Amino acid sequence: MLTQPTTDKILLAIADDLNSVVLPSVTDEPAKVLLGQIDQLLRRLSRRTASEIDWMILELSLIHISE
């Protein structure tokens with residue numbers, strides 16, 4: 001269990017739980033496809049949020065330089 005997870009870790013944990021807990025019990029094919037799409041979205045969001053702090057630091061440095 002994560003005590004203070006970052007946003008990217010939370011999103012990955014949700015994706016992993018959907019794949020390991022929910023997906024095995026789903027028999028409807030359209031629902032399986034939807035779960036796959038949700039998995040992809042969560043993983044993309046996880047990668048994006050992992051980079052956002054670096055992006056903000058870069059933006060702040062660019063703003064500071066332009067002043």
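Biologist: Which residues does asparagine 19 touch, not counting residues up to four places away in sequence?

Modeller: Contact means heavy atoms within 4.5 Å. In this predicted model, asparagine 19 touches Pro24, Asp39 and Arg43, not counting residues up to four places away in sequence. Its place is in helix 1; helices (H or I, at least four residues) and strands (E, at least two) are DSSP runs, numbered from the N terminus.

Biologist: What should I know about the ground rules here?

Modeller: Residues are numbered from 1 along each chain as its sequence is written, and side-chain values use heavy atoms, with hydrogens and water left out. Since this is a predicted model, local features need pLDDT of at least 70 and side-chain atom pairs count only at pLDDT 80 or more, while totals for chains, interfaces and linings use all residues.

Biologist: Okay. Is asparagine 19 buried, partly exposed or exposed?

Modeller: Buried means under 20% relative accessible area, exposed over 50%, and partly exposed in between (1.4 Å probe, protein chains only). Asparagine 19 comes out at 31% relative accessibility, so it counts as partly exposed.

Biologist: And how do I read the packing of helix 1 and helix 2?

Modeller: Two packed helices are described by the angle between their axes and the distance between the axes. The axes are lines fitted to C-alpha atoms, for helices over the stretch in contact, and angles run from 0 to 180 degrees between N-to-C directions. Here helix 1 (residues 7-22) packs with helix 2 (residues 29-66) at about 160°, and their axes are 8 Å apart. Angles under 35 degrees count as roughly parallel, over 145 as roughly antiparallel, 65 to 115 as roughly perpendicular and the rest as oblique. Helix 1 and helix 2 are therefore roughly antiparallel.

Biologist: Which residues make the contact?

Modeller: On helix 1 they include Leu11, Asp16 and Asn19, and on helix 2 they include Asp39, Leu42 and Arg43. The residues of that contact divide into 11 nonpolar, 4 polar and 4 charged. For the classes, Ala, Val, Leu, Ile, Met, Phe, Trp, Tyr, Cys and Pro count as nonpolar, Asp, Glu, Lys and Arg as charged, and the others, Gly among them, as polar.

Biologist: How many salt bridges are there?

Modeller: Side chains of opposite charge can pair when their charged atoms come close. The rule is a side-chain nitrogen of Lys or Arg within 4 Å of a carboxyl oxygen of Asp or Glu, and the count comes to 4 salt bridges. One of them joins arginine 43 and aspartate 39, at 2.8 Å, N to O. Those two are 4 residues apart in helix 2, so about one helical turn separates them.

Biologist: How accessible are arginine 43 and aspartate 39?

Modeller: Arginine 43 is partly exposed, with a relative accessible area of 23%, whereas aspartate 39 counts as buried at 15%.

Biologist: What about glutamate 52 and arginine 48?

Modeller: Their side chains meet in a salt bridge at 3.6 Å, N to O. Both lie in helix 2, 4 residues apart, about one turn of the helix. Glutamate 52 counts as partly exposed at 30% relative accessibility, and arginine 48 counts as partly exposed at 48%. As for salt bridges that share partners, they join Asp16, Asp39 and Arg43 into one network.

Biologist: Where is arginine 47?

Modeller: Arginine 47 is in helix 2, and at 56% relative accessibility it counts as exposed.
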